[in-house]
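Please work through each task before reading its solution.

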Amino acid sequence: MSRDTVQLEILRYDPEKDSEPYFSTYEVPFNDDWVVLDAINYVKENLDRTLTYRWSCHMAVCGSCGMVINGEPVLSCHTFMRDYGDKIRIEPLQNFPVERDLVVVIDDFVEKLGSVKPYIVPKVEKTVDEGEYIQSPAQLAVFKQYTACINCLLCYSACPQVGLNPGFVGPAALALAHRYNLDSRDVGRAAREDVVASNPGIWECSFVGACSEVCPKSVDPAAAIQQTKIASTVDYFTDFLTPWRKQ
Amino acid sequence: MARSNKPIVWGLFAAGGTLSAFIFPAVVFVIGFGVTLGFYSPDVFSYERMQALAANPLGKLCLFAPTFLIIWHAAHRLRITAHDFGIRADGLVAALCYGSAAVGTVAMIYALFIA
């Protein structure tokens, strides 16, 4: 099928000026090799310089260009124009306040991410001179999948529980907590449990699984959360049955 | 933040879900297809045999344990499903779901171990 042009319907919104969001339609040339981000860049460069959106790497690494395209949260740099019809509808990620046009406010997520201590808490702090924390390939394989998260927030846009309960810590942050909990060099699990095993933590998840479906890096946050639920349930009953061991 | 008490109901939910996923297909086959396909005679499910199963202490346990877990699994699943459908009265839904499971549990204990 050969096409000359494609219509982009892009959601526009400036909370300081507009009473509500509206769609602007732009006619852009069709190019078989273009990802949707290329088409949006074409709009910015040639048709409307006021259009606001985030992007950086153009290679599905930075996680900046997440958008809802034809109703599905995707990375716009990772989604080819040719896979859509003559009209492509582009909206900002759902479940976040809009800062302007396709840019959303992610402060809430950044705070949640920090709350799960997404870094290695070592048993003994080493200086650089004392060398590395040694880890075997088998120990790495346990958590490697969960390190692939790029914080693009597609999972937060897809998750119905994030939409229903704004307090929910959410898929990416919980998957990263799991990643560090599984790391052989880390002893921070008990400290993370205060957030992870609370009601707004893993227990808000009802295993819809949309997070894993939209994840562009195959992190599978849904699996991470279910594995954390099992570990936390074991903790709960262990603490209950052996109260003298409780920390 | 305080740690959640959800592990109690989620533990039953997870155990019941795993059990039902593994056991129910076999149960469906044994009860639904075994006789029809001629693997054994319909007498296997006669009242006397079923009665003997339910009267045996080990039989009682084999009837009670999976059924107990599976009804608590169903209770939690229905509560979460109600939430997914946008029913916000979680306290009421939880009371109804877990209440039904509790009634079922008590009824089973009565029928199997007391009556």
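A salt bridge is a side-chain nitrogen of Lys or Arg within 4 Å of a carboxyl oxygen of Asp or Glu. The model is predicted, so local features need pLDDT of at least 70 and side-chain atom pairs count only at pLDDT 80 or more, while totals for chains, interfaces and linings use all residues. Residues are numbered from 1 along each chain as its sequence is written, chains are lettered from A and ligands numbered from 1 in the order in which they are written, and side-chain values use heavy atoms, with hydrogens and water left out.

**Exercise 1. The interface of the chains**

Determine how many salt bridges cross the interface of chain B and chain A, and describe the contact between these chains.

Step 1. The rule finds one salt bridge across the interface of chain B and chain A.

Step 2. A salt bridge joins the side chains of Arg3(B) and Asp194(A), at 3.7 Å from N to O.

Step 3. Contact means heavy atoms within 4.5 Å. By this criterion, 22 residues of chain A are in contact with 15 residues of chain B.

Step 4. Buried area is the accessible area (1.4 Å probe) that two parts lose on being put together, summed over both. For chain B and chain A the value is about 1,600 Å², and carbon and sulfur atoms give 59% of it.

**Exercise 2. The domains of chain A**

State the domains of chain A and characterise what domain 1 and domain 2 of chain A bury between them.

Step 1. The bounds, which come from an automatic or database domain assignment, are 5-104 for domain 1 and 107-245 for domain 2 of chain A.

Step 2. The centres of domain 1 and domain 2 of chain A, taken over C-alpha atoms, are 31 Å apart.

Step 3. Contact involves 15 residues of domain 1 and 15 residues of domain 2 of chain A.

Step 4. The two domains of chain A bury about 1,100 Å² between them, with 62% of it on carbon and sulfur atoms. On the side of domain 1 of chain A, the residues losing the most area to domain 2 are Pro73(A), Asn95(A) and Phe96(A), together 45% of what that side buries.

Step 5. Between domain 1 and domain 2 of chain A, the count of salt bridges is zero.

**Exercise 3. Aromatic pairs**

How many aromatic pairs does a search of the whole structure find, and are Phe109(A) and Tyr156(A) buried or exposed?

Step 1. Rings of Phe, Tyr and Trp (its six-membered ring) pair if their centres lie within 6.5 Å; planes under 30 degrees apart count as stacked, over 60 as edge-to-face and the rest as tilted. The search finds eleven aromatic pairs over all chains.

Step 2. One of the pairs, Phe109(A) with Tyr156(A), is edge-to-face, at 5.1 Å centre to centre and 75° between the planes. Helices are DSSP runs (H or I, at least four residues), numbered from the N terminus. Phe109(A) lies in helix α2 (residues 107-115) of chain A and Tyr156(A) in helix α4 (residues 154-158) of chain A, 47 residues apart.

Step 3. Buried means under 20% relative accessible area, exposed over 50%, partly exposed in between (1.4 Å probe, protein chains only). Phe109(A) is buried because its relative accessibility is 3%; Tyr156(A), with a relative accessible area of 2%, is also buried.

Step 4. Ring pairs join Phe109(A), Tyr156(A) and Phe96(A) into a cluster.

Methods. Helices (H or I, at least four residues) and strands (E, at least two) are DSSP runs, numbered from the N terminus.
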